[in-house]
Amino acid sequence: MNVIECNGLTKAYFRKNVLNGLTFTIEENKITGLIGRNGVGKTTLVKILAGLIKETSGEVRVFEQHPFNNLYTSANTILVDDQMFFPPALQLHELLEVAQSFYPNWDMELAQRLLQYFSFDPSHYHQTLSKGRTSTFNMIIGLASRCSVTILDEPTTGMDEAVRKDFYRALMKDYLAHPRTILISSHHLNEIEDILEDVLLIKNGKTLLHESISDLKEWAIALQGASTVVQKWLVERNCIFQRQVGKDTLYAVVRDDFTKENKEEALRGGVEFIPVKASDLCVYLTNDTKGGIDDVFER
Amino acid sequence: MSSNVSLVETVKKQYAFKMKAYIDAFSSLVGIQFIAFLFSLGGGSSSMGTSDGYHFELKFYSADLVIIFTFIWIFVTAITITTKPYRNQDFTFVTNRMSSSLSNILFLLSASLLGAFTAVLSRFLIQTVAYFLLKEDLYIASVMTSEMMIGITVSLLYVFWISSIGYFVGTLVQIHKGFALLIPVIVIGSLFYDGFMQRDAMLLDTVSILFFRVIDGPVCD
Amino acid sequence: MTFAALIPMAVIVALPLLFFIVRVKKKVTHWLLVVYIGVLLLSVVAAFFIKSDEPEITDRPRDDLYEMLYSGEIYAKGSNLLLKEDSFPIEGEKVRVTSSYGDESSSVYIERKTEDDQKMDVLAYGSFSIAKLDVAEEIVLPAVQLKDGTLTIVYPEYQKLKTSIVMNEFTIEQFTGNKKYNSEFQIDGPILLVRIPPDLEIEADSTTELISIDEWK
């Protein structure tokens with residue numbers, strides 16, 4: 001069953017399209033990573049999915065309903081980001097109680113154990129928390145609410161390394177016990193790579209790639225070898241990324257559509273095939289130029 | 001795993017949430033009424049003396065000022081809850097725009113009720129302090145229970161009405177910031193305009209008719 | 001308001017308050033509210049122990065004291081304004097009038113009766129009100145005494161009168177149609193009218209000016 005469906009989704013701010021005909025579907029109980037560089041509309045997209053803002057055009061469906069201003073979506077979706085507003089008059093433990101009253105699947109025991117584990121003082125106020133602590137607390141709300149659709153927008157902002165690891169582990173464990181549709185947006189794949197099933201790559205407000213993480217790992221391959229030889233193999237192939245490695249050696253990333261014979265031939269020619277890490281591939285794919293930052297310096 | 005929610009249920013939950021979250025409004029109510037209470041104790045006296053040996057002094061006590069201050073309080077409170085941080089709080093939890101507004105209205109109604117009730121009762125506090133602490137001899141206008149009820153009800157309606165004006169103004173300002181400038185300009189401008197045209201200020205007339213006109217014939221005997 | 005009327009009000013307040021005390025976790029603001037409402041309710045109870053008068057507003061137009069006086073009709077028409085009446089039997093043919101009135105001389109109005117009843121009547125007229133409240137009763141009037149053919153008038157000291165009125169709130173008045181108070185003051189008099197038999201001889205010392213009102217009729 002598809003929980004989230006987007007078809008030609010467009011959102012314009014001041015006539016500038018942030019989302020530009022985005023089309024994708026997300027199945028139930030999958031963990032999907034929403035990857036893209038800063039400013040490609042990830043936040044806009046998740047806000048539309050959570051029903052906070054309205055799309056300009058196109059179709060968007062969450063639980064087969066239009067999410068904007070929709071109570072059903074609001075009750076079954078939670079968006080966790082560092083912009084969550086909590087009333088300044090309430091203490092942390094009161095915020096948990098409020099959340100409990102709103103979210104039907106709320107797990108208070110989990111929330112309190114997490115609060116204790118991350119050594120929050122329940123009588124503190126949300127405003128007084130530091131950036132990383134705010135993210136941690138918001139994440140606790142997000143996990144304990146057990147919403148059918150849980151959207152985490154840059155959830156680890158400001159968290160230190162140990163908390164980050166704990167957080168992803170907690171997310172994974174809770175997901176296994178209570179499967180639900182989770183969408184994690186991040187500009188960095190490598191830290192969430194291990195827990196993702198699917199990756200949705202966005203560039204310029206459009207879906208660039210929507211693959212499972214295992215497919216993504218085999219989606220592209222890097223060729224490394226003498227420039228002239230490698231260049232020959234790049235002919236008629238769409239080179240995703242290339243970099244000069246030392247003198248006369250070229251490193252180039254292309255879509256892995258080599259046949260077995262191709263590969264053997266290339267190997268004989270001195271070309272080395274290197275697997276491309278999914279996170280690197282995402283960086284290469286979302287770059288506007290083939291050479292990355294190097295292009296700026298090479299003229 | 002997804003669950004259905006009804007509008008009524010959501011409004012109830014949001015109302016309960018707001019009564020907790022907007023609690024600071026109630027502390028400021030107590031503060032503002034206390035200030036009005038102090039003013040009421042001090043103000044409102046006039047005197048007259050004659051050459052042949054008489055000096056008369058007159059002092060009025062009433063909770064009118066407390067009620068007026070309560071109007072100001074609810075107006076500010078109503079505007080405050082339309083501002084962005086307050087709206088965003090709603091959307092952290094389960095809501096849509098309808099339930100958010102409905103629960104705001106319920107909250108304002110509750111706040112108005114509390115404000116009107118305490119404002120009208122503060123008359124007894126003023127009276128008690130004037131008598132026991134200031135040792136004043138008092139003439140006290142009689143008030144029957146039914147009249148107290150009328151007083152509380154009428155005050156409630158006024159306070160709630162003012163809150164709706166505040167909520168409306170606040171919402172306009174949220175739609176476009178220009179209203180924050182436009183509304184005071186219209187209000188103050190109309191006073192000046194009527195002044196230039198050498199006539200009574202329409203706005204003040206309206207207000208005084210609304211608040212101070214005695215409705216003909218006693219409603220309760 | 002009667003004491004019994006407190007009961008429904010107490011119930012109205014107590015129920016939500018009870019609910020609140022039992023159910024809600026309390027914060028400073030809650031206590032502030034509880035204390036505030038508590039103080040208000042206590043003051044309602046305390047208000048029952050206040051001894052006070054209800055202001056009696058007389059809306060009838062006040063008779064003009066001086067107009068009546070100068071038309072010579074004060075005795076005939078001024079019973080409303082009469083504050084005190086003393087009557088002394090007269091011995092002898094002549095009465096002297098003296099008064100204590102600081103530096104200036106005081107005026108005493110003389111009217112001759114038509115028949116001789118061997119009595120001298122001293123009448124004090126005046127009209128005193130604050131905000132339409134009649135305060136004449138609280139005014140100390142000149143003390144008058146006739147002894148050994150001398151009428152002595154002792155004027156009181158400087159008098160200060162303070163009135164405090166607790167008004168109903170405009171939200172009540174608007175619908176009950178009660179009268180509004182204003183800050184009018186009225187201080188007329190007191191004037192003394194001495195009515196004497198037709199042929200009694202009367203004279204005053206420098207402290208007092210005798211004015212006959214008989215010619216004004």
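Me: How many residues of chain C are in contact with chain B, and how many residues of chain B are in contact with chain C?

Reply: Please keep in mind throughout that this is a predicted model. To read an interface, we look at the residues on either side that come into contact, and here 66 residues of chain C are in contact with 66 residues of chain B. The area buried between the two chains is about 6300 Å², and carbon and sulfur atoms give 68% of it. Of the area that chain C buries against chain B, V166(C), F170(C) and Q174(C) supply 13%, which is more than any other three residues.

Me: Which element gives the most residues to the side of chain C that touches chain B?

Reply: That element is α2(C), which gives 13 residues. Among the other elements that each supply at least two residues are α1 (6-23), β4 (119-130) and β8 (159-166) of chain C. Sorted by class, this side of chain C has 38 nonpolar, 18 polar and 10 charged residues.

Me: How should I read a sheet, and what is the order of the strands in the one that includes β8(C)?

Reply: Strands of a sheet pair through backbone hydrogen bonds, either parallel or antiparallel. In this case 4 strands form an open sheet in the order β1(B)-β2(B)-β8(C)-β3(B), and the pairing is mixed. At the edges stand β1 (45-50) and β3 of chain B, each with a single partner strand, so one side of each is left without a neighbour in the sheet. From one strand to the next, the twist averages 20°.

Me: Where in this sheet can I find parallel pairing, and where antiparallel?

Reply: For the parallel case, look at β3 (residues 138-140) of chain B, which 3 bridges join to β8(C), with S164(C) as the bridge partner of L138(B). For the antiparallel case, look at β1(B) and β2 (residues 54-61) of chain B, which are joined by 6 bridges, and where G49(B) stands opposite H55(B). Helix α5 (residues 97-133) of chain B lies across β2 and β3 of chain B together with β8 of chain C, and runs at about 155° to β3(B).

Me: Turning to chain A, why does the salt bridge of D198(A) and K30(A) tie together parts that are apart in sequence?

Reply: Let us take the pair itself before its place in the chain. D198(A) forms a salt bridge with K30(A), and their closest N and O atoms are 3.7 Å apart. Because D198(A) lies in strand β8 (residues 198-203) and K30(A) in the loop between β2 (16-27) and β3 (31-35) of chain A, the pair ties together parts that are 168 residues apart in sequence.

Me: What is the order of the strands in the open sheet of chain A?

Reply: This sheet has 6 strands in the order β5-β6-β7-β3-β8-β9, with mixed pairing. Within it, 5 bridges join β3(A) to β7 (residues 181-186) of chain A, and these two strands run parallel.

How values were computed. Residues numbered from 1 in each chain as written. Chains lettered and ligands numbered in written order. Predicted model: local features only at pLDDT ≥ 70, side-chain atom pairs only at ≥ 80, totals over all residues. Heavy atoms only, no water. Contact = heavy atoms within 4.5 Å. Buried area = accessible area lost by both parts, 1.4 Å probe. Nonpolar A, V, L, I, M, F, W, Y, C, P; charged D, E, K, R; others polar. Pairing = 2+ DSSP bridges. Axes fitted to C-alpha atoms, helices over the stretch in contact; angles between N-to-C directions. Salt bridge = Lys/Arg side-chain N within 4 Å of Asp/Glu carboxyl O.
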